[in-house]
Amino acid sequence: MALEDLYREVILDHYRNPRNRAALGQANAVADGHNPLCGDEVRVELLIEGDEVAAIGVTGHGCSISQASGSMMGDAVKGRSIETIRILTGRFKGMMSIDGAGDPGLDPNRPGAVLGDLESLQGVRKFPVRIKCANLPWTTLEEAINNFVASH
Amino acid sequence: MIDTDAVRGDFPILERRINGRRLAFLDSAASSQKPVQVLDAMADIYRNSYANVHRGAYTLSHEATEAYEEARHKVAVFLNATSDEEIVFTRSATAAMNLFAYGWGLNNLKSGDRILTSVMEHHANIVPWHIIARHTGAELRYMELTDGFRLDLEGAQDRFDERVKVVAVSGMSNVLGTMPPVGEIARLAHEVGAVLLVDGAQLVPHAPVDVQTLGADFLGFSGHKMLGPTGIGVLWGRRALLESMEPAEGGGEMIRDVRLYESDWAEVPHKFEAGTPPFVEAIGLGAAVDYLSAIGMDNVLQHDRELTGYALERLAGVPGLSIQGPADTVDRGGAISFDLTGIHAHDVATILDQEGVAVRAGHHCAKPLLRSLGLTASTRASFYVYNVPEDVDALVDALGVARRIFGLDGP
């Protein structure tokens, strides 16, 4: 296990210069995520228009992995449909599962299913205690979307 | 002085290599490692003398009972308690704190009363009081810290009044290492007629404690932080107070008589030990107490202090590192929490682990304290009898690796 697998330059860049890191004034879907073990906190705010996430804000405090994951997640879901985001979330969490098997039913070439920068987080899988950090923004995103769907 | 070579030889786990590196175990404040003497004492009971304690009219049960009560005696002597009956075995320090909160607090507190604690407490000395306050209507009040990470007793003088019925404070902060003046707190508490509970989870493993001079009325601690096994803790209390205190749990072992609609309690300490107790763990704790007594608790404290002094000195040379805790070793234990600018505590801990250095990262079960310091997480290194200056050097070197990976040393 090399630390370079975990702390790739692209991850450190997102950690130092997080994207989408602003509270949305006009959010219509919000969720807060906590990792009670380490105190990481993430807030995901969405502006959902039709079935599309028009804007996203990811704020909070945490380690480089949770913050970089949230920053990349914002880039990846902005302007995407809820269905595509659900596919992405499944793919990301699949990549983070210990066996790395991913979602076997998913065609990786399917439009919208490409992880891009997020692939850089796959080294986290080799550090099992940190997987929760990477997943936290995504779990929070899912909750925000579920809250929105349930109330509309 | 501690013969650390001899001590280290008693801890088989220290021979392990972690990620190809020598293990520098710096997380004893969370749980200590165990010497072979403790492992052997427990294995001996399981192999040779195992049967449920009390009630059994046969050899094995008698032997197990004798060993269990001998462990109680060892703990009583270790604390200089006036009698073995003042030692109540629980499953942990947390259980000891809860036993006091439920057994004493629930039955003695009422609306208008106050519970006084401090912001530097572990959750085990906060959350039970939230529950008891909700049940009784009593109010929770806090003592604050000085800028030097000491308990601000001066500023808390006006909080000691007749409404305060219980003062609950840590004898050594698991985050800051701060050791507040328990004797002075006891004087203030007793002046207003309050009972003093000391959370000794960090104090008892690391400093000599004589309950007859400490000033506390109750003291809770666990075995696993003082070389003993998990699953065993102790609530010490003044006998008269224990006798007037209600049990928090009912069941076997804790009764004198049970009828259909009521029951009478057994004598202390048994009235607080419902069900089959963790007696093998208590025997393991007895062996740990023997081990610590052989070293001498004065030596343990001095050893921790020397390492702490060395670590404070070396850590001061790490750029961007700030320590949350007293800057010197006076009235301070060997837990050093720090923040490294630009690197989250979790990242620090992951990188240190790759270098064989085991530290804790997070809120250390003291969220109100971390919040008051403006932090959500910190990294903590803590020392015990088996640590050596080489462990501190490994820590400092590994922090250098962390700074390098995060590009903090410039291009």
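**Figure 1. S222(B) in strand β9 of chain B.** In this predicted model, S222(B) belongs to β9, which spans residues 218-222 of chain B; strands are DSSP runs of E with at least two residues, helices are runs of H or I with at least four, and both are numbered from the N terminus. S222(B) is buried at 1% relative accessibility (buried is under 20% relative accessible area, exposed over 50%, partly exposed in between, with a 1.4 Å probe and protein chains only). Setting aside neighbours within four places in sequence, you will find S222(B) in contact with S92(B), A93(B), I232(B) and G233(B); contact means heavy atoms within 4.5 Å. Local features need pLDDT of at least 70 and side-chain atom pairs pLDDT 80 or more, while totals for chains, interfaces and linings use all residues. Residues are numbered from 1 along each chain as its sequence is written, chains are lettered from A and ligands numbered from 1 in the order in which they are written, and side-chain values use heavy atoms, without hydrogens or water.

**Figure 2. Helices α3 and α10 of chain B.** Here α3(B) (residues 59-79) packs on α10(B) (residues 279-295) at an angle of about 40 degrees, with 8 Å between the axes. Axes are lines fitted to C-alpha atoms, for helices over the stretch in contact, and angles run from 0 to 180 degrees between N-to-C directions. The two helices are therefore oblique to each other (under 35 degrees is roughly parallel, over 145 roughly antiparallel, 65 to 115 roughly perpendicular, and the rest oblique). Their crossing is left-handed, meaning that the near helix is turned anticlockwise from the far one by less than a right angle; clockwise would be right-handed. Residues of α3(B) in the contact include A64(B), Y68(B) and F78(B), and those of α10(B) include F279(B), V289(B) and S293(B). By class, there are 12 nonpolar, two polar and two charged residues; Ala, Val, Leu, Ile, Met, Phe, Trp, Tyr, Cys and Pro count as nonpolar, Asp, Glu, Lys and Arg as charged, and the others, Gly among them, as polar.

**Figure 3. Helices α12 and α14 of chain B.** Next, look at α12(B) (residues 345-354) against α14(B) (residues 389-405), with an angle of about 120 degrees and axes 9 Å apart. That angle makes α12(B) oblique to α14(B), and the crossing is right-handed. V348(B), I351(B) and L352(B) of α12(B) meet L395(B), A398(B), L399(B), V401(B), A402(B) and I405(B) of α14(B). This contact has nine nonpolar residues, no polar and no charged ones.

**Figure 4. The interface of chain B with chain A.** In this view, 16 residues of chain B touch 20 residues of chain A. About 1500 Å² is buried between the chains, and carbon and sulfur atoms give 57% of that area (buried area is the accessible area, with a 1.4 Å probe, that two parts lose on being put together, summed over both). Q354(B), I405(B) and F406(B) supply 31% of what chain B buries against chain A, more than any other three residues.

**Figure 5. H363(B) and its contacts in both chains.** H363(B) sits in the loop between β16 (360-362) and α13 (367-372) of chain B and counts as buried, with 8% relative accessibility. Apart from neighbours within four places in sequence, H363(B) contacts P36(A), L37(A), C38(A) and G39(A), together with H123(B), L370(B) and T376(B).

**Figure 6. E191(B) in helix α6 of chain B.** Finally, E191(B) is found in α6(B), residues 182-191, and is exposed, at 56% relative accessible area.
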